[in-house]
Amino acid sequence: MAQLNNRSIKIMTGNEACAEAAIVAGMRFFAGYPITPSSEIAEVLSKRLPEVGGVFIQMEDEIASMGAIIGASLSGLKSMTATSGPGFSLMQENIGYASMAEVPVVVVNVQRGGPSTGLPTLPSQADVMQARWGTHGDHPVIAVSPSTVQDTYEWTVKAFNFSEKYRVPVIILMDEIVGHLNEKIVIPDANEIEIINRPITTDPPEKYIPYKLTENDIPPIAHYGTGYRFNVTGLSHDETGFPTNDPKKIDALYRRINRKIERYKNEIIFYKTELLDDAEICLVSYGSSARSAKRAMREARASGIKVGLFQIYVLWPFPCEALREISNRIKKFIVPEMNLGQIAHEVECATRTECIKVNRVDGSPITPQEILEKIKYVSV
Amino acid sequence: MFPYKKYLRLDKFPHIWCTGCGCGIIMKAMLRAIERAKIQKDDVAIVSGIGCSSRTPGYLDFNTLHTHHGRAIAFATGVKLAKPKLKVIVVTGDGDATAIGGNHFIHAARRNLDMTVILYNNHIYGMTGGQVSPTTPFGKRASTAPYGSTEPDFDISILAIAAGASFVARSTCYHATQLDKLIEKALLKKGFSLIEVLAQCPTYYGRPNRLGNAVDMLRYYKENSIPVETAKKLSEEEKKGKITIGVLHDIERPEFCEEYQKLLDRVQIKHS
Ligand SMILES: Cc1ncc(C[n+]2csc(CCOP(=O)(O)OP(=O)(O)O)c2C)c(N)n1
Ligand code: SF4
């Protein structure tokens, strides 16, 4: 293993990086059900978690996996599950529960093509909208999308930090390409990695109000088995955590759980721009497609076309304002993604202009050439 | 009088259950069992799904978790594995545990995870208005079986035994005094334990099937129950239509948390 200060350089896959980063982030409970192309995350963790005193359990299905990680999180362990398309669909019910009961958990979806069993071994980015709207009701969502193995490591840690800080389920939307890609990664020194833990109550048990309206909209948590006897429910509840039918209290709850992400969205939203200052054409991309977009941009620049890249790392909340701001300067937006235009639709809403789409839904990656062709077509 | 108040969240009353419902009888038996087993309130976590029976934890002053329909055992698995010192009790209905939650039920039994499942079997979906359940007996009426159920029903206790539970007992709401002793045994048993309690739902099971009021239904339980010891001496024919009550199954099997701890010890020693 090469050493670089206290960093180490390794070759690993996105799935391995995700599993290792989760342990570094403090994850000590994993429950999952195998599904291609995510299974390596479970496999690595079944070996690694016992080594660090954590718990690995292969549950009977994804619904159970999601339920178990919520239970474990409420008992004090940072918890995670990993799945792909059909399994992600099964998890929706309990993802909703985690939103409602404000339980920090991380859900990895290594995307494959769908609907249904779809394309088990092939990549896709078609669960972007399922991540946003998969479960019923009004609830906030944080979803991140890494492009490289390095990103996967970093964004897995950040996903835990977000979930802990805001007490929300956080979704890591990988895709098969990133999950199975073997590439170089610099693993930072453990001291360099910022790790955030959930806000724990400092109130004594008799004063503890589980969903207290605090100034920052994020109520501090207590854990089961620590002398705090409180109730958690998926029903609409008041500050005390018990079901309520009082319209005022119901309204307050829904608005707060949505507001707590809305008001911190500037801390959450993350994108990177490249060569946008003088650009006339802007590529908007994410996940593995952004890799091809970047390459296409370089080739287009080499032939004198003014094109830049807006790469989205946090898909939800969506960077509407940033896109709207640049839209005055940009003549055309091109959105390459492995679906039929899920993020393109959001870009259109944000910029109020029609985007050029580059889509593939045949299980093959979008090549830089395909994007380049669109760039050339637009620039004439 | 037993100090129920010590365990209740008094401000959550009145409860939502119908007059004559069996849910309260089981809830009280559970509290007596916890007291007899000398388990501290802070050390108990009660997890439920959705249904009339699943509303029980809301009234009780423990660590309580009210989850989705059918999912209580899945959530409870996480709670238990993350905090093995907790006594985890799952309160569930027949629909909750054996229809939508059937998969979690049999797998928790198979793993022999240390938890006690108290299953209120009222043969019907109470909360949603009396639809047919996997335990509605053949021919009985329900709001979705207006001509009588055409499906055979589950014997939940046998199901749990077959799946690997280490302790299984059955009782009824009539046998309230026996019930707390059975629950106590289950709580003290290491491994997956099930207490199946036949509970009257006079509103949605009793009425369409003309079984009378709650008292009539309790009388039925009284007159048609036979202790396991007696049942053993009877032929299948003689047992037909009878409810066998008592401890049906009590064996020793490796428990999941203990096995996992052994694995941790092994792996961590190897790496230190
Ligand atoms: C996913 C889902 N499907 C359906 C329901 C509606 N539902 C609520 S309670 C219930 C059945 C309850 O019956 P049982 O579990 O036997 O409990 P009981 O009310 O009789 O105690 C159903 C179907 C639900 N809440 N969630
Ligand atoms: S509907 Fe049946 S189970 Fe539900 S509270 Fe009424 S009597 Fe009890």
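**Conventions.** I number residues from 1 along each chain as its sequence is written, letter chains from A and number ligands from 1 in the order in which they are written. In this predicted model local features need pLDDT of at least 70 and side-chain atom pairs count only at pLDDT 80 or more, while totals for chains, interfaces and linings use all residues; side-chain values use heavy atoms, without hydrogens and water.

**Confidence.** I noted ipTM 0.95 and pTM 0.97 for the model.

**Helices α3 and α4, chain A.** I looked up how α3 (residues 62-74) and α4 (residues 85-101) of chain A pack: the angle is about 30 degrees and the axes are 7 Å apart. Axes are lines fitted to C-alpha atoms, for helices over the stretch in contact, and angles run from 0 to 180 degrees between N-to-C directions. Helices are DSSP runs (H or I, at least four residues), as are strands (E, at least two), numbered from the N terminus. α3(A) and α4(A) are therefore roughly parallel, the term for angles under 35 degrees. Their crossing is right-handed, meaning that the near helix is turned clockwise from the far one by less than a right angle. In the contact (heavy atoms within 4.5 Å), α3(A) residues including A:Met66 and A:Ile70 meet α4(A) residues, among them A:Leu90 and A:Tyr97. By class, this contact of α3(A) with α4(A) has eight nonpolar, three polar and two charged residues. Nonpolar covers Ala, Val, Leu, Ile, Met, Phe, Trp, Tyr, Cys and Pro, charged covers Asp, Glu, Lys and Arg, and polar the others, Gly among them.

**Helices α11 and α12, chain A.** I found α11 (residues 320-327) and α12 (residues 342-351) of chain A packed at about 60 degrees, with axes 8 Å apart.

**Backbone, chain A.** I recorded a cis peptide bond from A:Gly114 to A:Pro115, with omega near 5 degrees. A:Pro115 sits in the loop between β6 (105-113) and β7 (119-123). The bond from A:Trp316 to A:Pro317 is also cis, with omega near 0 degrees.

**Ligand 2.** I listed the residues around ligand 2 (a heavy atom within 4 Å), which include B:Trp17, B:Cys18, B:Asn122 and B:Tyr204. The shell has seven nonpolar, two polar and no charged residues.

Definitions and conventions. Parallel < 35°, antiparallel > 145°, perpendicular 65-115°, else oblique.
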